Amino acid sequence: MNIVILDGVLFIASVLLIVGLRKLSNPDSASNGNRLAAVALGLGVLVALVYPVETQNNNYLYIAFGIVVGGFIGIISAKKVPMTAMPEMVSLFNGFGGLSAALISLVWMVNYHFSGEATELGIVLLNLFLGLVAFIGSMVAYGKLSGRLKDHHLKIPFNKVLNIIILLVTVGLIVVFSFNGYLSTPQTILFIVLSLFYGITFVAPIGGADMPVVIASLNALTGITAAISGIITDNKLMLLGGVLVGSSGIILTLLMCKAMNRSVLSVFFGNFSATKGAENQVEGNAKEISASNLAIQLAYSQRVCIIPGYGMAVAQAQKIVKELEENLENKDVEFKYAIHPVAGRMPGHMNVLLAEADVSYDKLLDLDEANSYLETTDVAIVVGANDVVNPSALEDPSSKIYGMPILKLSKTNNVIVLKRSMNPGYAGIQNPLFFKDNTKMLFGDAKKSIEIILKELKDV
Amino acid sequence: MNDIIVFFEQNIEIIYLLTFAVFLGFEVISKIPTVLHTPLMSGSNAISGVVLIGAILLIRVTEPTDYFPLIMATLGIILGTINLVGGLAVTSRMLEMFNKKKRK
């Protein structure tokens, strides 16, 4: 087919991709945006299938096999994944993209007998390195999020020092190998092993409340490898798509850092280790409340606010919370949700969960709105949130989360914390909120507790 | 050093494109409402599945008897497709959820 037509189609696909992404950042047009992006990428794949290449070996059978198998796995897993597991899913997909980019580099190297011009080979090696880091980093993040990897499994001695040394060695190797213009097989294997090891030491020590930052930045990294793969295979659509993903990932990373009042550097090189540090132990007695007493209190309140966190996802309590909302609104109680930007394990996690349970947007308050609302709230119920309501962030300069903007509950009349036990949150930080005068604890599974409250409410 | 200068001259178009695309990316994405953080992330994550195109282009020039790169590239195609198709599907599922609620 005429190469001009194919280039024209690629150009149109690139424009569609930009428009699609633009639409994706607006709630009204997001669905269309996603569809446009799909069309753009589909066109890109079609063009790649017929674009004239040096040697027409084509190997269409392998391509068809790969697309069918990949498409099947992709669709099935996308349909099956529960909304609560979205952060894991995104990490997993992201890791696959990274590995795919790394494999592109590897295939390029084998095809060109591990040799090439210095800059060319340098770019390919850089891509191999970044792709492998994105892959293994996403897998570690996936393991942490799905609970398969516990933080203590990942304690590597001298992690930070090791991390920097490996980075320097790897970059040094890229330079040396590129100027040699050639890699032997053992050198390639060494390079791959080093890259993987770097990826592990890069993500392993970052945990706790920094998880949303990690996910967003790994997303950006895969985008960058896609862009570099575009340079390697001389495909403008890949270059553009990769850069757009890279930029959006970087923006989200910065947003998440801002929401925690931390610099990017402190997240990646700081001391927010996943393991527990010498945190000030908070002493005191937490007061308990029974579900039936809480039900009565709620029924006679004017304003109730839910503060959801990752625990709500774990307990699958979003639907029952929505039922509570309906019940109380029938009793003329005003019912809102206070959403902290880093609540949950990925950017916007809580919004997705509540949308799944049919909670409408206008009931979701962002940090500033929520904090003024909470000053006049009768009952605030904390469902599975912990660090985002931890007053240490305001009061205790020695705390790891000191300076992070939180949802302030000091002026709220009654704070009820639904919690399984007194264990500290995901970040491993003790929460003085539990011991405040206006706080009462309701122990047990959040979903079951709210079920009991609902039952009691029907009798009030 | 000479190599780098030559590379720069040969690829000046790509370098322009890259620079503008970075600014474009920041411009297009900035000011996203919190509600859309997750869909935007999974959507942009799906877009990084474009690497599939690279895998296709490379496997087409691979010798049919070179089984190692063939298998690697096929694996690359599988993984890229999972990333692309899975990501788009999961994003559309999420966005439908938002829309369904809106019509009420």
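Analyst: Let's begin with chain B, which is split into domain 1 (1-31) and domain 2 (32-104); domain bounds here come from an automatic or database domain assignment. Keep in mind that this is a predicted model, where local features need pLDDT of at least 70 and side-chain atom pairs count only at pLDDT 80 or more, while totals for chains, interfaces and linings use all residues. As for labels, residues are numbered from 1 along each chain as its sequence is written, and chains are lettered from A and ligands numbered from 1 in the order in which they are written.

The centres of domain 1 of chain B and domain 2 of chain B, taken over C-alpha atoms, sit 24 Å apart. Chain B has five helices and zero strands (helices are DSSP runs of H or I with at least four residues, strands are runs of E with at least two, and both are numbered from the N terminus). Written along the sequence, that gives α-α-α-α-α. The radius of gyration of chain B, taken over C-alpha atoms, is 19 Å, well over the 13 Å that the globule rule gives for 104 residues, so chain B is more spread out than a compact globule. That rule is 2.2 Å times the number of residues to the power 0.38. Along its principal axes, the C-alpha atoms of chain B fill a box of roughly 60 × 35 × 15 Å.

Even so, 55% of the 104 residues of chain B count as buried. Buried means 20 or more other C-beta atoms within 10 Å of a residue's own, exposed means 12 or fewer, and partly exposed is in between, with C-beta atoms placed from the backbone. Take the contacts in chain B between residues at least 6 apart in sequence: 65% of them join residues at least 24 apart. (A contact is two residues whose C-beta atoms, placed from the backbone, lie within 7 Å.)

Now for the neighbour. In all, 79 residues of chain B are in contact with 98 residues of chain A. Elements giving two or more residues to chain A's side include α1 (3-24), α2 (30-50) and α3 (60-80) of chain A, but α4(A) gives the most, with 17 residues. By class, this side of chain A has 55 nonpolar, 35 polar and eight charged residues. Here Ala, Val, Leu, Ile, Met, Phe, Trp, Tyr, Cys and Pro count as nonpolar, Asp, Glu, Lys and Arg as charged, and the others, Gly among them, as polar.

Both chains also meet in the largest nonpolar core, which has 182 residues; those with the most contacts inside it are Ala55(B) and Ile56(B), along with Ile307(A), Val382(A) and Val383(A). (Such a core is a set of buried Ala, Val, Leu, Ile, Met, Phe, Trp, Tyr and Cys residues joined through C-beta atoms within 7 Å.) Helix α5 (residues 118-145) of chain A supplies the largest share of this core, 18 residues.

Let's follow those chain A residues. Six strands form an open, parallel sheet in the order β3-β2-β1-β4-β5-β6 (chain A), where strands pair if DSSP finds at least two bridges between them. At the edges stand β3 (364-365) and β6 (439-443) of chain A, each with a single partner strand, so one side of each has no neighbour in the sheet. Strand β1 (residues 303-308) of chain A has five of its six residues buried, so it is largely enclosed by the rest of the structure. Five bridges join β1(A) to β4(A), and Ile307(A) stands opposite Val382(A) in β4(A). Leaving out residues up to four places away in sequence, Val382(A) touches Ile307(A), Val389(A), Val415(A), Ile416(A), Val417(A) and Leu418(A). Next along, Val383(A) stands opposite Leu418(A) in β5(A).

Finally, chain A's own domains: domain 1 (1-80), domain 2 (83-275) and domain 3 (291-459). The contact between two of them takes 18 residues from domain 2 of chain A and 20 residues from domain 3 of chain A. On the domain 2 side, α8(A) gives the most, with four residues, and that side has 15 nonpolar, three polar and no charged residues. In the loop between α8 and α9 of chain A you'll find Asp234(A), which has a positive phi near 55 degrees without being a glycine. Asp234(A) is exposed, with 12 other C-beta atoms within 10 Å.
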